[in-house]
Amino acid sequence: AEIFAQVQAMVDLGGPLGRDPDPTSAAEFRVLYTRMGEPMLNAENVVESIRSIVSRWPHAIVGMSTSGFAKGLDFFLNNPDVIPYLDMQFSLHSTKDEERRWLFNADPGVPILSIPQIAEYVRKWHRHSAKKVSLNVILFDGFTYDFERLLDHFDPEQIWLRLSPWNVVERQRRSANLNGLLETEDVAQKRPISCEKLGEIIQGIERAGISYAYAPAIDEEIKEAVACGQALEAFQGELSSELRGKKTRFALRVA
């Protein structure tokens with residue numbers, strides 16, 4: 001009910017924002033599950049919320065990104081009525097499972113799907129949907145990107161690659177020395193320009209015959225530092241500043 005209410009709240013704001021308040025008259029109505037936690041760890045409620053959304057707005061297209069948790073994914077396969085409405089996305093970010101787990105900071109006991117397991121899941125998914133599954137990739141310097149090796153596991157007709165620049169999060173840059181290969185300008189100009197290595201990666205994708213597209217955050221989001229990852233860092237920074245202020249005021253009172 002809370003997930004559905006978020007969508008309804010944005011629809012209700014359509015009029016004040018100068019948009020048509022009735023999405024049923026729109027050519028396209030997209031709902032993206034993102035920045036709200038891992039949906040596959042809340043699969044039962046997510047499935048019910050999708051049913052509520054498409055019942056209210058039958059032409060809705062629902063996008064969902066997951067790191068890949070088997071239990072939740074199996075729940076979706078057991079409820080195939082919602083699958084035709086979904087644009088499914090997997091967070092890949094590397095073609096090497098060890099690098100993916102390091103990036104996700106996943107405990108060894110956490111059952112995140114490996115790349116071969118994701119490929120098997122994609123095959124099962126396509127029994128219920130003809131839509132290609134998106135493999136989301138933020139390209140990082142020093143990571144492994146051998147997209148031709150993906151053909152060992154995936155049917156290129158069933159997937160496409162969504163390449164995104166990294167919305168810089170300073171804490172991660174400092175602690176993990178993460179640097180993105182794909183610059184905002186690469187995305188805006190629809191071509192790789194920032195480094196020779198990036199050009200080699202794109203050539204590998206094209207040799208593999210896998211469809212791909214550049215998919216940045218909205219310019220305004222990046223400018224205001226509220227794109228994926230950035231909003232949380234800003235909030236934590238404000239919270240930290242507030243706590244420091246409270247500690248200072250308490251210390252002064254004690255003194």
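**Helix packing, salt bridges and a buried strand residue**

In this predicted model, the axes of helix H1 (residues 2-12) and helix H2 (residues 43-56) come within 8 Å and cross at roughly 35 degrees. The crossing in which H1 passes H2 is right-handed. On the side of H1 the contact is made by Ile 3, Phe 4, Val 7 and Gln 8, and on the side of H2 by Asn 45, Val 46, Ser 49, Ser 52, Ile 53 and Arg 56.

A second pair of helices is formed by H3 (residues 70-77) and H5, which pack at an angle of about 15 degrees with their axes 11 Å apart. Because angles under 35 degrees count as roughly parallel, H3 is described as roughly parallel to H5. The crossing in which H3 passes H5 is left-handed. Here Leu 73, Asp 74, Phe 76 and Leu 77 of H3 meet Tyr 121, Lys 124 and Trp 125 of H5. The residues of the contact of H3 with H5 comprise five nonpolar and two charged ones, with no polar residue among them.

Helix H5 also contains a pair of charged residues. Side chains of opposite charge can pair when their charged atoms come close. Arg 123 forms a salt bridge with Glu 120, and the closest N and O atoms of the two are 2.8 Å apart. Both residues belong to helix H5 (residues 115-125), where Arg 123 and Glu 120 are three residues apart, a spacing of about one turn of the helix. Arg 123 has a relative accessibility of 35% and therefore counts as partly exposed, and Glu 120, with a relative accessibility of 31%, also counts as partly exposed.

Another salt bridge joins Glu 148 to Arg 207, with the closest N and O atoms 3.0 Å apart. This pair links distant parts of the chain, since Glu 148 lies in the loop between strand S4 (133-138) and strand S5 (159-164), while Arg 207 lies in helix H8 (residues 196-208), 59 residues apart in all. The two partners fall into separate accessibility classes: Glu 148 counts as partly exposed because its relative accessibility is 32%, whereas Arg 207 counts as exposed because its relative accessibility is 55%.

The side chains of Glu 28 and Arg 30 likewise meet in a salt bridge, at an N to O distance of 4.0 Å. Arg 30 counts as partly exposed, because its relative accessibility is 46%. Both of these residues take part in a network of salt bridges that links Glu 28, Arg 30, Asp 87 and Lys 131. The count of salt bridges in the model comes to 10.

Strand S3 (residues 86-91) contains Gln 89. At a relative accessibility of 9%, Gln 89 falls under the 20% limit and so counts as buried. When residues up to four places away in sequence are left out of the count, Gln 89 touches Leu 32, Met 64, Ser 65, Thr 66, Ser 134, Asn 136 and Arg 162.

How values were computed. Residues are numbered from 1 along each chain as its sequence is written. This is a predicted model: local features need pLDDT of at least 70, side-chain atom pairs count only at pLDDT 80 or more; totals for chains, interfaces and linings use all residues. Side-chain values use heavy atoms; hydrogens and water are left out. Helices (H or I, at least four residues) and strands (E, at least two) are DSSP runs, numbered from the N terminus. Buried means under 20% relative accessible area, exposed over 50%, partly exposed in between (1.4 Å probe, protein chains only). Contact means heavy atoms within 4.5 Å. Axes are lines fitted to C-alpha atoms, for helices over the stretch in contact, and angles run from 0 to 180 degrees between N-to-C directions. Angles under 35 degrees count as roughly parallel, over 145 as roughly antiparallel, 65 to 115 as roughly perpendicular and the rest as oblique. A crossing is left-handed if the near helix is turned anticlockwise from the far one by less than a right angle, and right-handed if clockwise. Ala, Val, Leu, Ile, Met, Phe, Trp, Tyr, Cys and Pro count as nonpolar, Asp, Glu, Lys and Arg as charged, and the others, Gly among them, as polar.
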